[in-house]
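Here is a short briefing for a first look at this protein. Keep the model in view while you read.

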Amino acid sequence: MMLKSVTESFAGMIHGLKVNHLTDGIIRRSKRMILDSLGVGFLGTGTEVFHKVTQYSKIYSSNTSSTVWGRPDFRLPPTYAAFVNGVAVHSMDFDDTWHPATHPSGAVLPVLTALSEALPQTPKFSGLDLLLAFNVGIEVQGRLMHFSKEAKDIPKRFHPPSVVGTLGSAAAASKFLGLSLTKCREALAIAVSHAGAPIANAATQTKPLHIGNAAKHGMEATFLAMLGLQGNKQILDLGSGFGAFYANYSPEDLPSLDSHIWLLDQQDVAFKSFPAHLATHWVADAAAAVRKHLVTPERALFPADHIERIVLRIPDVQYVNRPFPDSEHEARHSFQYVACASLLDGSITVPSFHSQQVNRPQVRELLKKVKLEHPPDNPPSFDTLYCEISITLKDGTTFTERSDTFYGHWRKPLSQEDLRNKFRANASKMLCRDTVESLITVVEKLEDLEDCSVLTRLLKGPSVQDEASKLSSMSSFDHTTLPRFTNI
């Protein structure tokens, strides 16, 4: 008797998981991920990279179309709607982060909102249909990353969402559209040939395309599988297949569905309070703590001129080691910049990464004083890393503080109210207050939604006349601040 392949066990999981497999914990956590992803996606529609990809995508048209979030008069074929909405989600590096390291939601949610709107379905797609497919897409990503020790660390070669996100997108689309087990397997095989983007494009405008492409390519793989296109039936079993992306790749068959335990039940995601690489959140937390020694009621301004040196003890993550960032995207991936901005300003917000903030003379002078150290007990893992910051004054006095866990990490999760407030701050850049509050209500009761068109109508955003009045606010992010979250 021929043993079942790993690839077939994944296809069996995608095909076989049902709504009754969803747990209360999974539903609660995934609704938080969906709300956060929609919020950062709406905020991302005001970015330059989003503008560029929407201009490019306008060359494509189809009789079948889906909404571009926040743009009621702009529709695209489903694959390209998923692409631009996926880019929006990651355009500011503000989306959720998981362990092993990836951004799981942005490659999956835009696929499902596009499909739920574009394809005729009787009965209609329900909120539970969306939650199931979303969680299947998340689960596939997590399971694949557990097959490699390399995947457990902050990446050095491939950007994970471009790899596992592409397969998560294909899995979610396959589940949503009810593909057979065989076609689920083919969709995974096709998706592997669409996967992969180098980490060297981090800190550039191209990085958000990794998630947009993952969403688009996973959907394309599913459509091609539906048309009968075939791939390698053991694509997930082979070192020359999916294993090409990860060292020490050691795949295993999945447990039977009777004993299925969702990875998201065991490992929650982190939600960011400001738009930058997750590792910088430990830096901001430690900097805020050490700043309290230097800014007092008697001395209201940070004494930058009195600083001799700043030492950051953090993991060795080369693509977040940027001593003098030249752009907003580089600043989002700079331990040094986040430390200096936090020390000078007291907090990090959306406008902290605008060019006029990044290039301030005070910031440039302070950056010259920053040194990095990489203690051997501080490996590059989002589950274990810490940041210790020491500031030495010119008189020899040294202050040291350390952050082991920041507010928003899975060990110290955002409260539901703070998550709502983050969504409100982000989504209100494109949506009126009533629509923002309606979206919160719909997402928080998504399992009770009978027709997903209720959700997609809200995602369209303002009317034509309302959009005209919003144009000025899209270019005024300098005055935008997120609420400061209460540490609990």
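The domain bounds used here come from an automatic or database domain assignment. With those bounds, the lining of the largest cavity draws at least three residues from each of domain 1 (6–265) and domain 2 (278–403). The model is predicted. The points below cover domains, cavities, backbone details and cysteines.

**Domains**

- The protein is divided into two parts: domain 1 spans 6–265, and domain 2 spans 278–403.
- Taken over C-alpha atoms, the centres of domain 1 and domain 2 are 34 Å apart.
- Domain 1 gives 19 residues to the contact, and domain 2 gives 15 residues.

**The largest cavity**

- The structure has 4 cavities of 30 Å³ or more.
- The largest cavity holds about 100 Å³ of space.
- How many residues line the largest cavity? The count is 14.
- Nearest the centre of the largest cavity lie His 103, His 159, His 277, Tyr 319 and Phe 382.
- By class, the lining of the largest cavity has 7 nonpolar residues, 5 polar residues and 2 charged residues.
- Both domains take part in the lining of the largest cavity, with at least three residues from each.

**The second largest cavity**

- About 80 Å³ of space lies in the second largest cavity.
- Its lining includes the charged residues Glu 150, Asp 153, Lys 156 and Arg 157.
- Among the other lining residues of the second largest cavity are Phe 158, Phe 245 and Tyr 246.
- Pro 155 and Pro 160 also line the second largest cavity, as do Ala 101, Met 145 and Ala 151.
- The lining of the second largest cavity divides into 8 nonpolar, no polar and 4 charged residues.

- Which form does the peptide bond from His 99 to Pro 100 take, cis or trans? The bond is cis, with omega near -5°.
- Pro 100 sits in the loop between helix H4 (78–90) and helix H5 (109–118).
- Asp 93 lies in the loop between H4 and H5.
- Phi of Asp 93 is near 55°. That is a positive value in a residue other than glycine.
- Is Asp 93 buried or exposed? Asp 93 is buried, because its relative accessible area is 2% and buried means under 20%.

- Ala 203 is found in the loop between helix H8 (181–192) and helix H9 (207–226).
- Phi of Ala 203 is near 65°, a positive value in a residue other than glycine.
- Ala 203 counts as buried, because its relative accessibility is 5% and the cut-off for buried is under 20%.

**Cysteines**

- How many disulfides does the model have? The count comes to 0.
- Cys 340 is in no disulfide, and the nearest cysteine sulfur, that of Cys 387, is 12 Å away.
- Cys 387 is likewise in no disulfide, and for Cys 387 the nearest cysteine sulfur is that of Cys 340, 12 Å away.
- Why do Cys 340 and Cys 387 not count as a disulfide? Their sulfur atoms are 12 Å apart, whereas a disulfide is a pair of cysteine sulfur atoms within 2.5 Å.
- Cys 340 is buried, with a relative accessible area of 0%.
- Cys 387 also counts as buried, at 0% relative accessibility.

How values were computed: Residues numbered from 1 in each chain as written. Predicted model: local features only at pLDDT ≥ 70, side-chain atom pairs only at ≥ 80, totals over all residues. Heavy atoms only, no water. 1 Å grid on protein atoms, 1.4 Å probe; cavity = no way out; pocket = protein on both sides within 12 Å on 5 of 7 lines; lining within 4 Å. Points joined across faces, edges and corners; volume = space filled by probe spheres on them. Helix = DSSP H or I, 4+ residues; strand = E, 2+ residues; numbered from the N terminus. Buried < 20%, exposed > 50% of the residue type's maximum accessible area, 1.4 Å probe, protein only. Contact = heavy atoms within 4.5 Å.
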